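Open the model in your viewer and keep the selection tool at hand. The tour goes from stop to stop, with something to select at each.

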Amino acid sequence: MKLKLVSALVITMAVVQLQAQTKYIDKNGEIEFEASEELFEPVKATNTTVTAILNADTGELASLALLKGFHFENSLMEEHFNENYIESETYPKAIFRGSLLNFNHSQVSETPTEVTVDGKLKLREKEKDVRTILSVQKVSDVIIMKGSFKVTPSDFDIEIPKIVANKIAKEVIVNLAFKLQAK
């Protein structure tokens with residue numbers, strides 16, 4: 001009987017703790033990547049259905065992008081991206097998990113401030129450490145985050161055929177923009 005009472009108390013405290021956390025979410029976040037080389041057709045895609053979640057109390061940040069959500073101007077390029085490079089049927093999503101360092105959500109204002117984020121990007125079952133600076137501001141009840149970082153295809157074991165290797169940049173620039181609302 002005591003064990004059941006203690007268990008119920010622990011579960012109740014855990015639920016209250018979870019509810020007390022301040023979470024922000026964006027289900028229409030934007031990630032854009034560009035791997036263009038000068039003189040060739042732009043290699044650029046945008047995904048506007050990225051989900052991002054921020055635990056404002058701890059500074060933990062997570063995002064998920066479905067890879068088929070990246071759209072290119074050239075439909076053939078999009079097809080090659082999904083079938084030959086990223087293999088989105090086998091590896092359907094990219095996940096970032098990290099923390100905003102020295103983040104205090106009560107100090108976020110309408111004036112953008114720089115915050116370092118440190119985490120891991122998981123793509124094609126490979127992980128890459130990512131550390132970058134985000135611009136963070138709060139407008140009304142929305143936390144706006146913008147930033148960029150670089151990765152390489154080799155970070156995720158993506159092989160670029162020699163026939164097109166000079167048309168795709170060695171480094172891929174990834175830009176992100178989230179508008180997180182209190183949940």
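Which side chain meets Lys 150 in a salt bridge? Select Glu 171: the two side chains meet at 3.7 Å, N to O. Lys 150 lies in strand E8 and Glu 171 in strand E9, residues 168-182, so the pair ties together parts that are 21 residues apart in sequence. Colour Glu 171 by accessibility and the value is 44%, partly exposed. Bear in mind that this is a predicted model.

A search of the whole structure finds 9 salt bridges. Two others are worth a stop.

Select Asp 118 and Arg 131. Their side chains form a salt bridge at 3.4 Å, N to O. Asp 118 sits in strand E6 (residues 113-123) and Arg 131 in strand E7 (residues 126-139), 13 residues apart. Is Arg 131 buried or exposed? Arg 131 counts as exposed, at 57% relative accessibility. Asp 118 is partly exposed, at 31%.

Now select Lys 126 and Asp 157. This salt bridge spans 3.3 Å, N to O. Lys 126 belongs to strand E7, while Asp 157 is in the loop between strand E8 (142-151) and helix H3 (162-165), so the pair ties together parts 31 residues apart in sequence. Lys 126 has a relative accessible area of 33%, which is partly exposed. Asp 157 is partly exposed too, at 43%.

**The largest pocket**

Switch to a surface view. The largest pocket has a volume of about 950 Å³. Select Phe 33, Val 43, Phe 72, Phe 81 and Val 172: of the 42 lining residues, these are the closest to the pocket's centre.

Which element gives the most to the lining of the largest pocket? Helix H2 does, with 6 residues. H2 covers 75-85. Strands E1 (23-36), E3, E5 (93-100), E6, E7, E8 and E9 also supply at least two lining residues each. Colour the lining by class: 34 residues are nonpolar, 6 polar and 2 charged.

Go to strand E1 and pick Asp 26. How exposed or buried is Asp 26? Asp 26 counts as buried because its relative accessibility is 7%, and the cut-off for buried is under 20%.

Show the contacts of Asp 26. Leaving out residues up to four places away in sequence, Asp 26 touches Val 50, Thr 51 and Ala 52, as well as Ala 177, Phe 178, Lys 179 and Leu 180. Zoom in on Lys 179: its backbone nitrogen lies 2.7 Å from a polar atom of the Asp 26 side chain. Then draw a C-alpha to C-alpha distance from Asp 26 to Ala 182. The two are 9.2 Å apart in space and 156 residues apart in sequence.

**Ser 63**

Move to strand E3, residues 60-66, and select Ser 63. Ser 63 is buried, with a relative accessible area of 11%. Beyond four places in sequence, Ser 63 touches Val 50, Thr 51, Ala 52, Ala 94, Ile 95, Phe 96 and Phe 178. Val 50, Thr 51, Ala 52 and Phe 178 are also among the contacts of Asp 26.

**Last stop: Asn 55**

Select Asn 55 in strand E2, which runs over residues 44-55. Asn 55 counts as buried, at 7% relative accessibility. Which residues surround Asn 55 in contact, leaving aside neighbours within four places in sequence? They are Gln 21, Thr 22, Lys 23 and Glu 60.

Note on methods: Residues are numbered from 1 along each chain as its sequence is written. This is a predicted model: local features need pLDDT of at least 70, side-chain atom pairs count only at pLDDT 80 or more; totals for chains, interfaces and linings use all residues. Side-chain values use heavy atoms; hydrogens and water are left out. A salt bridge is a side-chain nitrogen of Lys or Arg within 4 Å of a carboxyl oxygen of Asp or Glu. Helices (H or I, at least four residues) and strands (E, at least two) are DSSP runs, numbered from the N terminus. Buried means under 20% relative accessible area, exposed over 50%, partly exposed in between (1.4 Å probe, protein chains only). Contact means heavy atoms within 4.5 Å. On a 1 Å grid over the protein atoms alone, a cavity is a set of points where a 1.4 Å probe fits but cannot get out, and a pocket is an open set with protein on both sides within 12 Å along at least five of seven lines; lining residues have an atom within 4 Å of a point. Grid points are joined across faces, edges and corners, and a volume is the space filled by probe spheres set on the points. Ala, Val, Leu, Ile, Met, Phe, Trp, Tyr, Cys and Pro count as nonpolar, Asp, Glu, Lys and Arg as charged, and the others, Gly among them, as polar. A polar contact is a pair of N or O atoms within 3.5 Å; within protein, one must be able to donate a hydrogen and the other to accept it, and residues adjacent in sequence count only if both atoms are side-chain atoms.
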